[in-house]
Amino acid sequence: MGGNRKCLTVALAATIASLGMVLAPGASAITFSNTGAITIPTGPGDASPPASAINVSGFPTAATTQDIKVTLHGFEHTCPSDVGIVLMAPVSERPIELMSGAGDCTDANSLTFTFDSTSPYMPDTGPLASGSFRATSHTIGRSYPQFGVGTAYAFPGPAGGGAHTLASDFLGFRPNGTWNLIVRDFSAGDGGQITGGWTIDLKTGVSPSGGLGAIADGSAGCTAYGAPTDVAFPISAPGSVVSRVGVSANLGHTYVGDLDMQLLSPGGSRAQTIFSRTGATSPTGLGDSSNLFGIYSFVDETAAFPTPWGDAVVNAPDSDAYVATGRYQASTPGEGADGGGASTLLSPAFAGVNPNGTWILRLRDKCVGDTGTISDASLQIDTVPATGAPTSAPPAPQPTAAKRCKKAKKKRSALAAKKKGCKKKRKKH
Ligand SMILES: [Ca+2]
Ligand SMILES: [Ca+2]
């Protein structure tokens, strides 16, 4: 089989079932497609086209990914183990190797591969068959020249002990933008094609029904919280219980250390701090002075987002600096000796809870001067049948890194020194 096929109708056929609505748990994902054939040369070399693009659009600005699947349609190759494929997300997110070195040199004909995050790996040897798999790499160090990816991709394993999945890398990620599938053949002889192109299935979190807006200021001396800003998310998922929770918020605030953000399940039956008074070492102490501006996601994926919230906050430069947008884990509250900010998990507080009703994302500000707003948000609730087998327990919370505390202490003393002077940013009387 050669690499001579030229029927490259790269018609970008975005088969969008429906857009712009709230996706409740259990709602189907939206499918985006590029049905153009991808020709894989005998190699070594890039496929034609070397990168196949899908433009994802129409999700609300703050919508973040709750589930993602990628499907290859009509995979054919006379030696599938030659093939390496990388999925590249919009903006600056790290790519992930989707499939590399799978199978052997048994002909693959018209196969369909769906990549999710929970199915088994593709086999290392023997013939490949259609089915669902997790991202799989049985090779180490294959380099992809397209877009300068090289070897700087997330590695799924099982070779080399990799553990990345589509979920670990894209949960809480903003899906709008151009996704690319980079296909390459790494060995001379044997080629193939992906006759039907590929699709990406995306499901995002729920948008709020109300409550967005300004966050009331706190009190002089940080003695009492201002009135809460409660962002509401109505959830309907009959017959199910919560298995995993993630939340994203578009936040603006000029003093992150004033803020407390928590998630409450319907009726307030359970609550979990997402971050609180980061950097404050006592109930009335000032927290970190860094600013928030943009979309911050909080999900329980320890492997993919190694920077604790506290590090991101504390390491933002002092003078009117912004905490980097992106994905974090929830963090421990401040107002204790360590100032909080260590990574923790969001889901355990809600696992097994009835998801039906109104969830609240609550923001409160404790110190006068410096205020902010929440302009949009997204709640990602994964459920399992109420009568189903219990899901496996999530990993234990990560311990505070000694290094982070050291840095935090260092910065807090610098801050304290600064605030002994003019307290430039605060407008306290
Ligand atoms: Ca080859
Ligand atoms: Ca304030």
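In what sense do strand β1 (residues 30-34) and β12 pair, and over how many bridges? In this predicted model, the two strands run antiparallel to each other and are linked over 5 bridges.

View 1. Strand β12 spans residues 198-204, and because 6 of its 7 residues are buried, it is largely enclosed by the rest of the structure. Along the pairing with β1, which is antiparallel, Ser-33 stands opposite Thr-199 of β12. Strand β4 (residues 65-77) also pairs with β12 in the antiparallel sense, here over 7 bridges, and within this pairing Val-70 faces Ile-200 of β12 as the residue standing opposite.

View 2. Strand β6 (residues 96-100) is mostly covered, with 5 of its 5 residues buried. Strand β5 (residues 83-88) runs antiparallel to β6 and is joined to it by 4 bridges, among them the one in which Val-86 has Glu-97 of β6 as its bridge partner. The pairing of β6 with strand β9 (residues 136-137) is instead in the parallel sense, over 2 bridges, and there Ser-100 has Ser-137 of β9 as its bridge partner.

View 3. The peptide bond leading from Gly-43 to Pro-44 is cis, with omega near 0 degrees, and Pro-44 itself is found in the loop between β2 (38-40) and β3 (45-56). A cis peptide bond also joins Ser-48 and Pro-49, for which omega is about -5 degrees; Pro-49 lies in strand β3.

**View 4. Ser-110, a residue with positive phi in a strand.** Ser-110 is placed in strand β7 (residues 108-116), and its phi is near 50 degrees, a positive value in a residue other than glycine. Ser-110 counts as exposed because 11 other C-beta atoms lie within 10 Å, where the limit for an exposed residue is 12 or fewer.

**View 5. Glu-335, a residue with positive phi in a loop.** Glu-335 lies in the loop between β19 (326-328) and β20 (357-365), and although it is not a glycine, it has a positive phi of about 75 degrees. Is Glu-335 buried or exposed? Glu-335 counts as buried, because it has 20 C-beta neighbours inside 10 Å, and a residue is taken as buried from 20 or more such atoms.

Conventions
Residues are numbered from 1 along each chain as its sequence is written. Chains are lettered from A and ligands numbered from 1 in the order in which they are written. This is a predicted model: local features need pLDDT of at least 70, side-chain atom pairs count only at pLDDT 80 or more; totals for chains, interfaces and linings use all residues. Two strands pair if DSSP finds at least two bridges between them.
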